[in-house]
Amino acid sequence: MSDSVTNTEEKDSTPSKQSFQEVLKNFYSLYQKVLNGGSEKAVALHRSRGKLTARERIDILLDTNSPFLEFSALAANGQYNDQFPSAGIITGIGKVNGRFVVVVANDATVKGGTYIRETIRKHIRAQEIATENHLPAIYLVDSGGIFLPEQARVFPDKEDFGRIFSNQARMSALGIPQIAVVMGSCTAGGAYIPAMSDESIIVKNQGTIFIGGPPLVKAATGEEVTDEELGGGEVHARISGVVDHLAIDDVHALKICRDIVSGFSSSEKQPVNRIEPSEPLHPAEGLHNLALTDSTQLIDHVRVIEHIVDGSIFHPFKAEYAKTIITGFARINGYQVGIIANNGVVFGETARKAAHFVQLCNFRKIPMVFLQNITGFVVGKKYEHDGIARDGAKWIHAVSTSAVPIINIVTGGSYGAGNYAMAGRAFDPRFLFMWPNARIGVMGGEQAARVLVQIRKAKGPNGVNNEKSPEELFNEIKARYDYESSALYATSRIWDDGIIDPVNTRKILSLTLDIVAHKKWPEFKPGIYRM
Ligand code: COA
């Protein structure tokens, strides 16, 4: 195994000077590339073994015409010398026999389907989505376990490899069905995936399951044994009982899996307010003209809403008050939703209005859609004295304890505490997608550069890096912040559920609104709001 796969990063490919069309084109070209999986050679070898690719397996598993809501397709992009397309794992939600399932499929054409940090994060996030929405999980297993050169970054910690199996036990205890289809290697810790599933299937003369492979056995005990003898399909179906069904090939295994899903009973759903849907009056393509790459400008969310809601009808709440936040009701694909959309910097009254609206939606059990493009909270003596921190805290409280699902679309820059108040990733929105032009950072590159140069100057001559002029320092910091706040940087690290083309926003919201109603929402229990 080569150590050329260190976690190197590539240069930012979304400089702020690019037009939206250029940014979108770049996103699609990266996306097209990852659809191929690993190298041509690896794919050819994989096929020569009679195996289907991970994406073909998913296609066969899902119903014809089923949507496939894929998560984090560009995970690990720009890292590891780009040797891990999609981080070697494909995750998403689709339909099997008419019911939504979460699919987790290893891509064995990418370094033998082994796990780097991003692979694990995707796997765990898929399990979280299955749990939050009470959806069955199907694991299409074909993996050599941990990518060994990365072991120190992926093995022992709480959210590392072991979490996958601990999640399986917890999900099982919650009554979430899990099926493993072993279609290739399932080595070491990975052996627990089928062993901990409710039902498992293995492909004959192809799937193997063992805690330690033949080389390890030879080293440890001197015993010589082949893969098949140690942990092949016949062994596990007839001798060990680790699997329940023996399939003759991939297609057969997927058919068995579909049959099993057809026997699941449905879970208790959340009653929701839904009527016959109608299309927006404005075509989705219009969103391309609204998306901005200049993060100093704010997107026109009023117009965005017109492009995504049924009949382009929006009922504002407190339209005349605290105009830097838009709150109101609309329908998306017939579902009643509460929308919160940024429209400028956050003042105390903005935060209070938003907190009020989150409460309202929670008491009425209306799911929420957040459209996020926020520069942050207002600063200055007057505002601190007025208690901006107190008002912001109310909003963050409301969002953190929201019992109704929040589906979050980041349409532009999302900066500082504004990201928190708008239900950033740390606040458990049910789903979070980014437009390709979106940015996430503690502050904009320019502001950060100004602040840091200011701090160094304030320290006096000893605090200033004498080798660099303030201008050089400024440019360096700005470039770094711009790079680290791009949507590509964020999605590579699974800070979101994926980048989406704005034209698909309504489609994705409709799908996720369907999905979030699959489990009853808890009662709203707010904490103490500082008054
Ligand atoms: N860690 C790091 N790299 C690994 C790996 C691992 N666990 N398993 C496979 N790879 C790499 C190989 O070095 C090779 O890299 P390359 O493309 O740069 O040459 C690539 O993945 C494909 O592996 P290869 O063995 O050529 O493909 P294969 O399809 O014939 O076999 C496996 C795939 C997974 C069955 C086989 O590589 C294997 O058994 N790996 C070891 C599994 C193991 O013991 N894991 C324990 C870790 S918990």
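In the predicted model, helix α21 is mostly covered, in that ten of its twelve residues are buried. The helix comprises residues 505-516, and its buried positions are Thr505, Arg506, Ile508, Leu509, Ser510, Leu511, Thr512, Leu513, Ile515 and Val516. The length of α21 was also compared with expectation: at 1.5 Å a residue, the twelve residues should span 16 Å, and the end C-alpha atoms are 16 Å apart, which agrees.

One of the buried residues of α21, Arg506, is in contact with Asp310, a residue of the loop between α13 (301-308) and β8 (314-316). Asp310 has a relative accessible area of 6%, and since buried means under 20%, this residue is therefore counted as buried. Leaving aside neighbours within four places in sequence, the contacts of Asp310 also include Pro277, Ser278 and Glu279, together with Arg331, Ile332, Asn333 and Gly334. Two backbone nitrogens are approached by the side chain of Asp310: that of Gly334 is reached at 2.7 Å, while that of Ser278 lies 3.4 Å from a polar atom of the side chain.

Among the residues in contact with Asp310 are Arg331 and Ile332, which fall within strand β9 (residues 325-332), and Asn333, which belongs to the hairpin of β9 and β10. This hairpin has two residues between the strands, and Asn333 takes a positive phi near 50° there. The two strands run antiparallel and are joined by eight bridges, with Thr327 standing opposite Ile340 in β10.

Strand β10 (residues 335-342) is itself buried at eight of its eight residues, so the strand is largely enclosed by the rest of the structure. The burial applies to both faces of β10: Tyr335, Val337, Ile339 and Ala341 point one way, Gln336, Gly338, Ile340 and Asn342 point the other way, and all are buried.

Besides the antiparallel pairing with β9, β10 pairs in the parallel sense with strand β11 (residues 368-374) over four bridges. Within this pairing, Ile339 has Val369 of β11 as its bridge partner, whereas Ile340 of β10 stands opposite Thr327. Helix α14 (residues 348-364) forms, with β10 and β11, a right-handed β-α-β unit.

Terms used:
Residues are numbered from 1 along each chain as its sequence is written. This is a predicted model: local features need pLDDT of at least 70, side-chain atom pairs count only at pLDDT 80 or more; totals for chains, interfaces and linings use all residues. Side-chain values use heavy atoms; hydrogens and water are left out. Buried means under 20% relative accessible area, exposed over 50%, partly exposed in between (1.4 Å probe, protein chains only). Two strands pair if DSSP finds at least two bridges between them. A crossover is right-handed if, with the strands pointing away from the viewer, the path from the first strand over the helix to the second runs clockwise. A polar contact is a pair of N or O atoms within 3.5 Å; within protein, one must be able to donate a hydrogen and the other to accept it, and residues adjacent in sequence count only if both atoms are side-chain atoms. Contact means heavy atoms within 4.5 Å. The expected span of a helix is 1.5 Å times one less than its number of residues.
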